Amino acid sequence: MALLPLGIWAASGASAGGGGDYQLISTQVLGSTAASVTFSSIPSTFRHLQIRVTYHQNTSGYLYFTANNHSAAGSTSGHYLIGNGSTVISDNHTSWPGYFFNGDTGATDADGSSVFTAAIIDALDYSQTTKAKTYRTLWGQAVSGNNNVALTSGRDASTEAVNTIKLWTGGAPTFAVGSRFSLYGWN
Amino acid sequence: MPNGMTALATLTLGGSQATVTFSSIVGTYRDLMLIIQDTGSGTEGLRIRINGDTGSNYSYVLMAGDGSSASSGSGSMTELIGGLVYSASISNSIYHFMDYSATDKHKTVLSRNNNASVNTVATAQRWASTAAITTLLVYPTAGTFAAGSIFTLYGVSA
């Protein structure tokens, strides 16, 4: 059996200094409930973006990902592959007010306050002005009665460089305290 | 801007081995990412146990495609699941341990697991503990990992 103690590795400076090809741009951890989280003034110097999220929503309802405030109906389209513990569902949308990055309801108060949903959202070629924007997400939570894992893809037809990203709820839900949203840039 | 990802440890097996353990994981990152490429001695599943917890404290939901149909399952286990350890073909897995050191939430784990000869799988799993993750034990359901299997643990910056 191989034991790999990591305290020594971390303390010896095995990590690189600032910079590198995958960089943390910003993290927001909610100290109070919120209906949305926004990353603004996103630098255009990376190739791709990645948003890593753990969130809890107080009640059921949809969540959206919107770039540059493109929230008019039909601004985005998407496809979803969702496993709910018994069946696999395939769906799509062409007329919603944002990229429905999750595919179904995340963990709510009914599931327990310690249960959080996770999502990893990739925004590919986000600063290119010659192409529409493509997004993809791995998402889910494991809790009896609300088991869901999803692979989703989204498209924003605009060729604008993305400089603002907003994650927001479509009505009743709010993000709970402790929900975390981190934005990273890939070179 | 700070470096966003740090390789904490890498192990390439020089011979067959029953388990791989990452211990003394520091709590200064936001997430952990574990990348595995493996073969084994039989036809087994890949399992991961957190902090030595052998209780039924792991929940899962998975979605799988095997080339002819798609399926979904869920349940509770005594460890994390998702990947394969096969002698006849290479399997690869990426596990994301989100907010692994947070003490105000259970630990949510997302994974993608693939074996081109068998299936492709996505999972969402939960370790029902608010303890920070400090140890990961990786093992096949039976037998051993084969020489050449690679295990790399990354810390994603906070």
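**Close-up views of the chain A–chain B model**

**View 1. Polar contacts across the interface of chain B and chain A.** Between chain B and chain A, 13 residue pairs are in polar contact, both residues of each pair being at pLDDT 80 or more. The side of chain B that touches chain A is made up of 23 nonpolar, 21 polar and seven charged residues. The model shown here and in the other views is predicted. Chain B contributes 51 residues to the contact and chain A contributes 55 residues. Together the two chains bury about 4,100 Å², with 65% of this area on carbon and sulfur atoms.

**View 2. Salt bridges of A:Arg180 with chain B.** Three salt bridges are found across the interface of chain B and chain A. A:Arg180 pairs with B:Asp31, the closest N and O atoms lying 2.4 Å apart. A:Arg180 also forms a salt bridge with B:Asp99, at 3.1 Å from N to O. B:Asp99 sits in the loop between strand 8 (91–98) and strand 9 (107–115) of chain B, whereas A:Arg180 belongs to strand 12 of chain A, so this pair joins two chains. B:Asp99 is buried, its relative accessible area being 3%; A:Arg180 is likewise buried, at 1%.

**View 3. The salt bridge between B:Glu79 and B:Arg49.** The side chains of these two residues meet at 2.9 Å, N to O. B:Glu79 lies in the loop between strand 6 (70–77) and strand 7 (84–86) of chain B, and B:Arg49 in strand 4 (residues 43–50), so that distant parts of the chain, 30 residues apart, are linked. Both B:Glu79 and B:Arg49 are buried. Elsewhere, salt bridges with shared partners connect A:Arg52, A:Arg180, B:Asp31, B:Asp99 and B:Lys105 in one network.

**View 4. The salt bridge between A:Arg136 and A:Asp122.** Over all chains, the structure holds eight salt bridges. One of them joins the side chains of A:Arg136 and A:Asp122, at 3.1 Å from N to O. Because A:Arg136 is in strand 9 of chain A and A:Asp122 in strand 8, the pair ties together parts 14 residues apart in sequence. A:Asp122 counts as buried, with 10% relative accessibility.

**View 5. The largest nonpolar core.** Among the 33 residues of this core, A:Ile51, A:Tyr55, A:Phe65, A:Phe101, A:Leu167 and A:Phe181 touch the most other members. Elements giving two or more residues to the core include strand 4 (48–55), strand 9 (133–141) and strand 12 (180–186) of chain A. Beyond its neighbours up to four places away in sequence, A:Leu167 touches residues including A:Val37, A:Ile51, A:Phe65, A:Ile121 and A:Phe175. A second, separate core of 28 residues includes B:Val20, B:Ile48, B:Leu80 and B:Phe151.

Terms used
Residues numbered from 1 in each chain as written. Chains lettered and ligands numbered in written order. Predicted model: local features only at pLDDT ≥ 70, side-chain atom pairs only at ≥ 80, totals over all residues. Heavy atoms only, no water. Core = buried A, V, L, I, M, F, W, Y, C linked by side-chain atoms within 4.5 Å. Buried < 20%, exposed > 50% of the residue type's maximum accessible area, 1.4 Å probe, protein only. Helix = DSSP H or I, 4+ residues; strand = E, 2+ residues; numbered from the N terminus. Contact = heavy atoms within 4.5 Å. Buried area = accessible area lost by both parts, 1.4 Å probe. Salt bridge = Lys/Arg side-chain N within 4 Å of Asp/Glu carboxyl O. Polar contact = N/O pair within 3.5 Å; in protein donor to acceptor, adjacent residues only side chain to side chain. Nonpolar A, V, L, I, M, F, W, Y, C, P; charged D, E, K, R; others polar.
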